[in-house]
Amino acid sequence: MPVINFLTQCVFDAGALKQLGALAKGKGITRPFIVTDAGIKASGILAKVEDALGVPPAGVFAETIPNPTETQTKQALKLYKESGADGIIAVGGGSSMDHAKAIGLLASHSEPLETYAAIIGGAKKIGKIPPLIAIPTTAGTGSEVSVGMVIIMENGRKETFASPNLIPVVALCDPDLTLGLPAHLTAATGMDALTHCIEAVLTPSINPPAEGIGYDGAHRAFGMGMLKRAVKDGSDAEARWHMMMASYEGALAFVKGLGGVHALSHAAGRLHEKKLHHGTLNAVFLPHILRFHNGAADAKYVRLRDVMGLKPSADLADAIQDLNNAIGIPKTLREMGLAVMDGPGIVEYALKDLAHFGNPKPMSADDYARVYETALG
Ligand SMILES: [Zn+2]
C-alpha cells in the first residue's frame, strides 16, 4: 500500500519575495544564514532578498559552485557555525538549494556526509535539520520542495540524499525572480522540470496523486507551450509563472521516483571538470530513454501524448527532440564535450544511481551503453 506525503508549505506568487521576512519569523528564524552563488549576488537578487528579510543576515555564503561538492559544504559549514545562525535561506538554482540542505544536514548531524547517502540506506539516519526556506531563481530543479539533494563527494561519486527532513519548511516561489534568466539556462532548467514530470510519471511505483501532478507539469511546460515561450521571450511573465509551477510540480511528482535519464545525467554530471549542466544532459538523454522504454508503459505514453497536445500517433521521443531543437539544446553529448572514453564510467555509475531503480523496464549495462553511444552522436 503506498504511503503518500504531500509535502511542505509553498508560497507561490509573482512578487512573493516580499513575504520573506514574515515567513522567516514565523518559522523561528531570527538569525538567517544565506546560501547563494556569485551570479545571484551580481544580479542584485541577493540584495533584494536581504531587503525582504528585514533583519541583517548572520552570514552569507555566496560562492556556491554548480554541482556542489562535499568539500565546499565543509567550508560553508564552518562559516555557518561561526555565524551563530538559527536557520538557512537558500537563494538560487538547484546547486544553491542542495548546498544549503547539505550545510543544514551537517550542522545538525555528525560527519561524514557519506553516512546519509540514499543508496546505502542513509535516509533513516537523517533527522531534523535547521529551518530552511528555499527561494528558487530558476524553474527546473524543484529542490525547493524535494526530499532530495545531490552532492559530489570527495571520493568522486555524485551522491543522492533523500529524506522528508531535507524538505525546506517553506518554498518561496516568486516567478518574477526568473525574469532575467538567459535563454540557454531557461531551456536547460526547463528541460529538467519537464524530465522530472515525464520520468516520475513513467516510473512504476504507485502514487496516483504524484503521477497526476506529473501530467499537469508536462501539460504546462510542453502542452501549453510555456517552455518555448519562456525561452523565446525571457520577460514573458505568464510563461515564467507556468514554468515555475511546472518545476514545482516536477518535484512533487518525483517523490514517486525517476529513471534512466537521471541515472545517466547524475553519472555524467559527476565529471566535474566538464561543467555539464544537469538539465541539458537530461534533455539530450530523454528522447533516447523514451525510445528504450517505448512499449513498457503504453497507457502512460498515451496519456503523456494527450496532455502534451500531441496526436495519438505521435512519437514522444521525436516530439522531445523537436522541442530540444526549437529551444537550442545541443543535439548530442559530443557537442557538450563528452567522448567515447567517458562511456564506461558513466554506465558504471548510472547502474549505482538511485534513479536507475525507477526504470519502467529494467536497464542493463549494455542498455545504458547503447543509449550513451546513440546520444553521443
Ligand atoms: Zn533533475
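A residue counts as buried when its relative accessible area is under 20%, as exposed when that area is over 50%, and as partly exposed in between. Keep that rule at hand for this tour of a predicted model.

**Stop 1: the two domains**

The domain assignment lists domain 1 as residues 3-177 and domain 2 as residues 181-376. The C-alpha centres of these two domains lie 24 Å apart.

Now look at where the colours meet. Here 30 residues of domain 1 are in contact with 31 residues of domain 2. Between them the two domains bury about 2,700 Å², with 69% of that area on carbon and sulfur atoms. How many salt bridges does the rule find across the interface of domain 1 and domain 2? The count there is zero.

**Stop 2: the zinc ion**

Which residues coordinate the zinc ion? They are Asp192, through OD, and His196, His262 and His278, each through NE2, at 2.1 to 2.2 Å. Along the sequence, these donor residues follow the spacing D-x3-H-x65-H-x15-H. Two of the histidines link distant parts of the chain: histidine 196 belongs to helix H6 (residues 183-202) and histidine 278 to helix H11 (residues 278-293), 82 residues apart.

Try the angle tool on the four donor atoms. The angles run from 84 to 171°, and the site is irregular. For comparison, the ideal angle for four tetrahedral donors is 109.5 degrees.

Is histidine 278 buried or exposed? Its relative accessibility is 18%, so histidine 278 counts as buried, because the cut-off for buried is under 20%. Histidine 196 is buried too, with a relative accessible area of 3%.

**Stop 3: salt bridges**

Side chains of opposite charge can pair when their charged atoms come close. In this model the count comes to 12 salt bridges, and the next selections show some of them.

- Select lysine 256 and glutamate 211. Their closest N and O atoms are 3.5 Å apart, in a salt bridge. Lysine 256 sits in the loop between helix H9 (237-253) and helix H10 (260-269), while glutamate 211 is in helix H7 (residues 208-223), so this pair ties together parts that are 45 residues apart in sequence. Both lysine 256 and glutamate 211 are buried.

- Move on to arginine 291 and aspartate 318. The closest N and O atoms of this salt bridge are 2.9 Å apart. Because arginine 291 lies in helix H11 and aspartate 318 in helix H13 (residues 316-326), the pair ties together parts that are 27 residues apart in sequence. Arginine 291, at 39% relative accessibility, is partly exposed, and so is aspartate 318, at 37%.

- Then pick lysine 352 and glutamate 348. Their side chains meet in a salt bridge, at 3.2 Å from N to O. Why are they separated by about one helical turn? Because lysine 352 and glutamate 348 are four residues apart in helix H15 (residues 343-352). Lysine 352 is partly exposed at 36% relative accessibility, and glutamate 348 is partly exposed at 42%.

**Last stop: a network**

Finish by selecting Asp216, Arg220 and Glu249 together. These three residues are linked in a network of salt bridges.

Definitions and conventions
Residues numbered from 1 in each chain as written. Predicted model: local features only at pLDDT ≥ 70, side-chain atom pairs only at ≥ 80, totals over all residues. Heavy atoms only, no water. Donors = N, O, S within 2.8 Å, 3.2 Å for Na, K, Ca; no water. Tetrahedral: all angles 85-135°; square planar, octahedral: opposite > 155°, others 65-115°. Buried < 20%, exposed > 50% of the residue type's maximum accessible area, 1.4 Å probe, protein only. Salt bridge = Lys/Arg side-chain N within 4 Å of Asp/Glu carboxyl O. Domains from an automatic or database assignment. Contact = heavy atoms within 4.5 Å. Buried area = accessible area lost by both parts, 1.4 Å probe.
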